[in-house]
Amino acid sequence: MKLSQFNFPLTVEQIAKYPAKFRDESRLMVLHKGTGEIEHKQFKDIINYMSEGDTFVFNDTRVFKARLYGNKEKTGAEIEVFLLRELNREQRLWDVLVDPARKIRIGNKLYFGEDDSLVAEVIDNTTSRGRTLRFLYDGSYEEFRDALFAVGELPIPKWIRTKPEEIDNERFHTIYARNEGAVATPAAGLHFSRELFKRMEIRDVNTTFLTLHMGLGHFRKVDVEDLSKHKMDSEQMIITEETANLINATKAAGHKVFAVGITVNRALETPVTTKGEVKPYVGWTNKFIFPPYQFSVADALVTNFHMPLSTMLMSVAAFGGFEHVMNAYKVALEEGYQFGTYGDAMLII
């Protein structure tokens, strides 16, 4: 498929700036992938599409304070640093993006915090925008992490708001987030409340968790028209034996597996066998899913409404069918659904 096939007009007014007052009270569009039929619901109504013995798979990654603002030595020029991943714990090495990139050279020192308490040195230029920083810190690793995140802020996408606010400290995380390491939140999971989890438990619906630390690869601009030539960034993921066994048992018993978010779908499709069974896995994935694609694990997908030309939209279209999904997006625009991280949800079943 071609990149241009995933374009559609979206105004800033259609992108949610804030979450719904209650997590499970956003709107929910239900798309039946077999027929293209669309239903309009509230998210808490998702309980009506679950049956005893079904399994919901969630991504329990937690977003860390990845965006830092500092100053360059001598000139004092303001530099934005976006932490991508930790490269070496002992040496305090981090893979980062810097903006503006043209002002940063190997050997430059950057100062962070009101009293310049945290210092980093640029030791490598890896890409046109990417850099490797060595943070110069003499304390313990735990003290360093505290100091690093004390000067950082949550990486709210700038197409939502330019700065995070108090509400984001709670609502930019899922209620089950526990494994820190992502720079973007698994948005589909933001709709699940404690009350909804309790209702699922009463209905004997299983819940299980995997970890996939979302990087900026999900949001990186696709710059090739032929999607087969696009390369996804690698992201770290973990599927435990317990999770794999529950998913496989669910499918063997004829029940449904619900993937909550495209990150979960991507993770499940990475270590799957030719028999459609999920294997335990600790490693990395750079899997890029776009139509046409034959899924082996998930029977249903919970997702948000994504940006035009995004890899997230392509992954959703692969699951729900290109024509059905693009028509659903057309209906969503007409019906005033909110798009983006804090926007409304879609269930494809």
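Predicted model: local features only at pLDDT ≥ 70, side-chain atom pairs only at ≥ 80, totals over all residues.
Leaving aside neighbours within four places in sequence, Ser315 is in contact with Ile262, Ile289 and Phe295, where contact means heavy atoms within 4.5 Å. Ser315 itself has its place in helix H6, residues 311-320. Helices (H or I, at least four residues) and strands (E, at least two) are DSSP runs, numbered from the N terminus. With a relative accessibility of 7%, Ser315 counts as buried; the term means under 20% relative accessible area, while exposed means over 50% and partly exposed lies in between (1.4 Å probe, protein chains only).

Residues are numbered from 1 along each chain as its sequence is written, and side-chain values use heavy atoms, with hydrogens and water left out.

Stepping back to the whole protein, the secondary structure comes to 7 helices and 18 strands. The C-alpha atoms fill a box of roughly 65 × 45 × 40 Å, taken along the principal axes. For 349 residues, a compact globule would have a radius of gyration near 20 Å, and the 21 Å of the protein agrees with this; the radius is taken over C-alpha atoms, and the globule rule is 2.2 Å times the number of residues to the power 0.38. Of the 349 residues, 54% are buried. Among contacts between residues at least 6 apart in sequence, 71% join residues at least 24 apart.

Not counting residues up to four places away in sequence, His191 touches Arg23, Asp24, Ser26, Phe43, Asn304, Gly343, Asp344 and Ala345. From His191 to Met214 there are 23 residues in sequence and 18 Å in space, C-alpha to C-alpha.

Charged side chains come next. Side chains of opposite charge can pair when their charged atoms come close. A salt bridge is a side-chain nitrogen of Lys or Arg within 4 Å of a carboxyl oxygen of Asp or Glu, and by this rule the count comes to 16 salt bridges.

One of them joins Asp60 to Arg178, with the closest N and O atoms 3.2 Å apart. This pair links distant parts of the chain, 118 residues apart: Asp60 sits in the loop between strands S3 (55-59) and S4 (61-63), and Arg178 in the loop between helix H2 (168-171) and strand S12 (179-182). Asp60 is buried, with a relative accessible area of 3%.

Lys158 and Glu80 also meet in a salt bridge, at 2.7 Å from N to O. Lys158 lies in the loop between strand S11 (152-153) and H2, and Glu80 in strand S6 (residues 78-88), so the pair ties together parts that are 78 residues apart in sequence. Lys158 counts as partly exposed at 42% relative accessibility, whereas Glu80 counts as buried at 15%. Arg67, Glu80 and Lys158 are linked in a network of salt bridges.

A further salt bridge forms between Glu235 and Arg266, whose closest N and O atoms are 2.3 Å apart. Here strand S14 (residues 235-239) holds Glu235 and helix H5 (residues 262-269) holds Arg266, 31 residues apart. Both Glu235 and Arg266 are buried.
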